[in-house]
Amino acid sequence: MTQILQLDAVSKAFGAVTVADDLSYGLEEGEALGVLGPNGAGKTSMFNLITGTLKPDAGRITFAGDDITALGAARRSRSGIARSFQVPQPFTHMTVFENAMVAATQSAGLAGREAERLCIEVLDQTELLDKANDRAGGLTLLNRKRLELTRALCAKPRLLLLDEIAGGLTEAECTALIATIKSIHASGVSIIWIEHVVHALMAVVERLIVIDFGRKIAEGEPKAIMDSPEVQEIYLGIEADA
Ligand SMILES: Nc1ncnc2c1ncn2[C@@H]1O[C@H](COP(=O)(O)OP(=O)(O)OP(=O)(O)O)[C@@H](O)[C@H]1O
């Protein structure tokens, strides 16, 4: 298997707040990795370090064999790293299709028919094709999350970072979203998924890491990790917060 991403001893602090503390882990191409941890543990900051909107104080990040630690966010995006945001950020006045086209043209660098073809393919995968001409601002929460996935996938990523995408959904909506994420995973895209909705994570990921105060405190097979007493303690905290 090919290693798609590697973090080596990555550290980052904002004054007294440490968001990444000697953080190291790898991701195989095509793998889905779940990330758990209490509020404020540094999970979103870790995504910012991977996408390049945040620069580490120390450590190295390697993507597809290249050291990307010094690369800016735009270069990293072009090299195949895409993310969804905790709060969906569509262009609300534009249609679903127009939103997809922005990503296909700006992020994937496609034009004309090629961009349109990609958008149709992705909207089909994210089950939004029948909403293609709807205004993004009028979508339900589930469909806003699907649009967030669409925009990320229209960048043609090799690595997709999902930030708490299942939050706020009903059980039935969550089940529907899990099916879509499973299909994205099955298509070969590598995934790192930060999520407080633990059962959603458990349905998709092959491996879990747990982060607390920017430090990796557990890593391994999801069920074994969830059964460990240290993680149980944090997990109960997460359940109470979610
Ligand atoms: N740019 C910044 N400047 C200063 N402090 C920051 C900055 N970004 C994040 N922080 C702080 O770093 C800590 C970790 O934030 P982060 O958003 O990474 O946590 P998180 O694990 O994603 O939390 P949540 O589960 O609530 O989304 C928080 O205390 C946050 O206030």
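## Helices α3 and α5

Helix α3 crosses α5 in a right-handed manner, meaning that the near helix is turned clockwise from the far one by less than a right angle. The model is predicted: local features need pLDDT of at least 70, side-chain atom pairs count only at pLDDT 80 or more, and totals for chains, interfaces and linings use all residues. Residues are numbered from 1 along each chain as its sequence is written.

The axes of α3 (residues 96–107) and α5 (residues 141–153) come within 7 Å and cross at roughly 30°. The two helices are therefore roughly parallel (angles under 35 degrees). Val96, Asn99, Ala100 and Ala103 of α3 meet Leu147, Thr150 and Arg151 of α5, where contact requires C-beta atoms, placed from the backbone, within 7 Å.

Gln3 has Glu28 in β2 as its bridge partner. Two residues lie between the strands of this hairpin, and Gly15 takes a positive phi near 60°.

## Strand β3

In β3 (residues 32–36), five of five residues are buried, that is, 20 or more other C-beta atoms lie within 10 Å of a residue's own, with C-beta atoms placed from the backbone. Ala32, Gly34 and Leu36 cover one side, and Leu33 and Val35 the other. In a regular strand, side chains alternate between the two faces of the sheet.

Four bridges join β3 to the parallel strand β8 (residues 190–194), where Val35 has Ile194 as its bridge partner. Four bridges also join β3 to β9 (residues 207–212), again in parallel, and Gly34 is partnered there by Leu208.

Conventions. Two strands pair if DSSP finds at least two bridges between them. A residue is buried if 20 or more other C-beta atoms lie within 10 Å of its own, exposed if 12 or fewer, and partly exposed in between; C-beta atoms are placed from the backbone. Axes are lines fitted to C-alpha atoms, for helices over the stretch in contact, and angles run from 0 to 180 degrees between N-to-C directions. Angles under 35 degrees count as roughly parallel, over 145 as roughly antiparallel, 65 to 115 as roughly perpendicular and the rest as oblique. Two residues are in contact if their C-beta atoms, placed from the backbone, lie within 7 Å.
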